[in-house]
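Here's a quick look at the pockets and the packing in this one. Have the structure open while you read.

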Amino acid sequence: MGSASPSYRGHRYPVEVISHCVWLYFRFPFNFREVEELMLQRGVIVSYETVRRWCATFGQAYANGLRRRRPRPGDKWHLDEVFVRINGELKYLWRAVDQDGNVLDILVQNRRDKAAARRFFRRLMKRTRAVPRGVVTDKLRSYGAAHREVMPSVEHRSHKGLNNPAENSHQPTRQRERAMKGFRSTGGAQRFLSAFSGISPHFRPHRHLMTAFDHRAEMTIRFAIWDQITGTANRPATT
């Protein structure tokens, strides 16, 4: 394993089993018990609680590894926020993507006022280590107020019709939210979505823009990258 791979010290299961369970959970709308059942069908006995711990331990590390492999983000950012109910309470999920649809960051917050928008802007610049050429948002006034304070030199376009990349990026999250029957806590939602937004898009190339041959070739490359960041690549074969 490369030095950038997560440490599996103390885990008695092979790396291949751990990484495969994490992939199943974040790539498909499975719960932990369903992952347990799928592994049992393959002859691997592992409890759903162990799968849960693996996802909590390695999910974010894998997501970070995938993000480091991505090219530098585009210079046009699309920001959007949607409401989510967490344990019955209304919260807001803020998301930013670049012009190519690559997720830059997500943040669960209690409000969608100026302070929340300002916090998201600053977090974005810190995490990407970049300042965009322009940002596109909907007509929420909080964006304009925070933009003038945090990045006044950056072009800001406030137009709902131009913000489809950010709005479309919420769809996989909504699908997973329904499959999970909602989130239980704000911290749990933030942790899951942070890992999910790093792993799931990696295995979702723009299929409708590719031929079947090109799609298979692209997925082969993406699986190879997954093997590299999880540490399963170039492992000695077992007999």
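The second largest pocket is lined by 27 residues, and Y25, F32, M180, G188 and F192 are the ones nearest its centre. This is a predicted model, so to speak: local features need pLDDT of at least 70, side-chain atom pairs count only at pLDDT 80 or more, and totals for chains, interfaces and linings use all residues. Residues are numbered from 1 along each chain as its sequence is written, and side-chain values use heavy atoms, with hydrogens and water left out.

A pocket here is an open set of points on a 1 Å grid over the protein atoms alone, where a 1.4 Å probe fits, with protein on both sides within 12 Å along at least five of seven lines; lining residues have an atom within 4 Å of a point. Volume is the space filled by probe spheres set on the points, which are joined across faces, edges and corners.

| Pocket | Volume | Lining classes |
|---|---|---|
| Largest | about 860 Å³ | 11 nonpolar, 13 polar, 8 charged residues |

Which element gives the second largest pocket the largest share of its lining? That's α3, with 6 residues. Elements are DSSP runs numbered from the N terminus: helices are H or I with at least four residues, strands E with at least two. α1 (15–27), α2 (32–41), α3, α7 and α8 each put at least two residues into that lining.

The largest pocket has 32 lining residues, with G101, N102, P201, R204 and H206 nearest its centre. At least two lining residues each come from α3 (48–69), α6 (164–169), α7 (171–179), α8 (186–199) and α9 (212–230).

Now the packing. A nonpolar core is a set of buried Ala, Val, Leu, Ile, Met, Phe, Trp, Tyr and Cys residues joined through side-chain atoms within 4.5 Å, buried being under 20% relative accessible area with a 1.4 Å probe, protein chains only. The largest such core has 43 residues, and V22, F26, W54, Y62, I199 and W226 have the most contacts inside it. α1 gives the most to this core, 9 residues. Leaving out residues up to four places away in sequence, W226 touches S19, V22, W23, Y62, L66, I199, H202 and F203 (heavy atoms within 4.5 Å). A second, separate core of 21 residues includes W77, Y92, A96 and M125.

Technical notes:
Nonpolar A, V, L, I, M, F, W, Y, C, P; charged D, E, K, R; others polar. Buried < 20%, exposed > 50% of the residue type's maximum accessible area, 1.4 Å probe, protein only.
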